[in-house]
Amino acid sequence: DKEGDYHKPALLRHRRCIQEAAEQSLRGARVLVTGASTGIGEQLAYHYARLGAQLIITARRESILQKVVDKCLELGAQQAWYISADMSQSADPERVVKYAVEKMEGLDYLVLNHIGSSPFQMWNQDAEHVRTLMQVNFLSYVQMTSAALPTLEKSGGTIIVVSSMLGKLATPFVAPYTATKFAVNGFFETLQHEFSMRKSNVSISIHILGLIDTDSAMEKIKGYINATAYPASEAAMHIIRAGTTRQNFSFYPWYIYFVCLFRDWFIYFRDICIQNSFTY
Ligand code: NDP
């Protein structure tokens, strides 16, 4: 026990010990993080680096990826590389996984985090945008999972899926984004069942996030809703802890669990509350 732990309940002390052991297991672990040039993905990369992992990060903007890699090496990553890729291109998801597996000689964590940009507005009947966003936010996740599975089965690895409360509950102004996140949750929750039934050694860890203070999210909601946004760095650490301890689901901040739990209890009042919380 550490100093100060003495006064904590045994269960909390036990939980912290497990978390610490899990974090130590990340030393040298081979991790691929997508959407790591900014936001939560960037913070995930920095935390993995501090914990001594080997990292491949990806996104489209090469110059920013180079800076993130440099910082990861400063923070203590055993190794760090980047590969720029555009997930709207159907060949890129497999190309990224192949690069990561070759560079690190295997893979322990596939962290699916990237999203394409989508306007925060009432749906404007742009079906083509929904199709493209489905490729970036959903189909590329499926392609990367398919490409990485043989390697993850060898290492007993984990697929970390960064998802959203908006993949569980519909709110206005985000129809294309919400559609992709519902698809992500549906697909990976089904895989969780199937992996469990066939006793696969690969775990799938799905993370349901509320509003996080990334630049892109803050820019989008400005003027529409006044809600508390939670820190991206903390969200990233929460994801890493839950992923390393192979939890099927995690919710951040904590009350998102109750939002999902009570989602369908009083739908009339729920929908009035949701609609009244937006400026329109
Ligand atoms: P950001 O917009 O900050 O980052 C998105 C990342 O994806 C960037 O690194 C971007 O880099 C990359 N990206 C964008 N388009 C493409 C593309 N076509 N191909 C490859 N990479 C691309 O997102 P957040 O950090 O806010 O969100 C991260 C995750 O967290 C997402 O899965 C999101 O759904 C989830 N989440 C976020 C919430 C929030 O409030 N922020 C709330 C709930 C969930 P580049 O432009 O260089 O390609």
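Ala, Val, Leu, Ile, Met, Phe, Trp, Tyr, Cys and Pro are counted here as nonpolar, Asp, Glu, Lys and Arg as charged, and the others, Gly among them, as polar. On this basis, the lining of the second largest pocket in the predicted model comprises five nonpolar, five polar and three charged residues. The pocket has a volume of about 350 Å³, and of the 13 residues that line it, Arg15, Gln19, His238, Arg241 and Gln247 lie nearest its centre. At least two lining residues of the second largest pocket are supplied by each of α1 (10-24), α8 (232-244) and β7 (249-252), with α8 giving the most, five residues.

The largest nonpolar core consists of 44 residues, and those with the most contacts inside it are Leu32, Leu110, Met144, Ile159, Val161, Phe188 and Ile204. Helices α4 (92-104), α5 (127-155), α6 (175-197) and α9 (256-261), together with strands β4 (109-112), β5 (158-164) and β6 (203-209), each supply at least two residues of this core, whereas the largest share, eight residues, comes from α5. When neighbours within four places in sequence are left aside, Ile204 is in contact with Ile159, Val161, Phe188, Leu191, Gln192, Phe195, Gln247 and Asn248. A second, separate core, of 35 residues, includes Ala49, Val68, Tyr109 and Ile160.

The aromatic side chains were examined next. A pair of aromatic rings is described by the distance of the centres and the angle of the planes. The count comes to 19 aromatic pairs. The rings of Phe138 and Phe187 have centres 5.9 Å apart and planes at 80 degrees, and the pair is therefore edge-to-face, the cut-off for this class being over 60 degrees. Because Phe138 lies in helix α5 and Phe187 in helix α6, this pair ties together parts that are 49 residues apart in sequence. Phe138 counts as buried, at 15% relative accessibility, whereas Phe187, with a relative accessible area of 27%, is partly exposed.

A tilted geometry is found for the aromatic pair of Phe173 and Tyr224, with 5.0 Å from centre to centre and 55 degrees between the planes. Phe173 lies in the loop between β5 and α6 and Tyr224 in the loop between α7 (215-221) and α8, so that the pair ties together parts 51 residues apart in sequence. Here Phe173 counts as buried at 7% relative accessibility, while Tyr224, at 24%, counts as partly exposed. Finally, one aromatic cluster is formed by Tyr230, Phe251, Tyr252, Trp254, Tyr255, Tyr257, Phe258, Phe262, Trp265 and Phe266.

Key. Residues are numbered from 1 along each chain as its sequence is written. This is a predicted model: local features need pLDDT of at least 70, side-chain atom pairs count only at pLDDT 80 or more; totals for chains, interfaces and linings use all residues. Side-chain values use heavy atoms; hydrogens and water are left out. On a 1 Å grid over the protein atoms alone, a cavity is a set of points where a 1.4 Å probe fits but cannot get out, and a pocket is an open set with protein on both sides within 12 Å along at least five of seven lines; lining residues have an atom within 4 Å of a point. Grid points are joined across faces, edges and corners, and a volume is the space filled by probe spheres set on the points. Helices (H or I, at least four residues) and strands (E, at least two) are DSSP runs, numbered from the N terminus. A nonpolar core is a set of buried Ala, Val, Leu, Ile, Met, Phe, Trp, Tyr and Cys residues joined through side-chain atoms within 4.5 Å. Buried means under 20% relative accessible area, exposed over 50%, partly exposed in between (1.4 Å probe, protein chains only). Contact means heavy atoms within 4.5 Å. Rings of Phe, Tyr and Trp (its six-membered ring) pair if their centres lie within 6.5 Å; planes under 30 degrees apart count as stacked, over 60 as edge-to-face and the rest as tilted.
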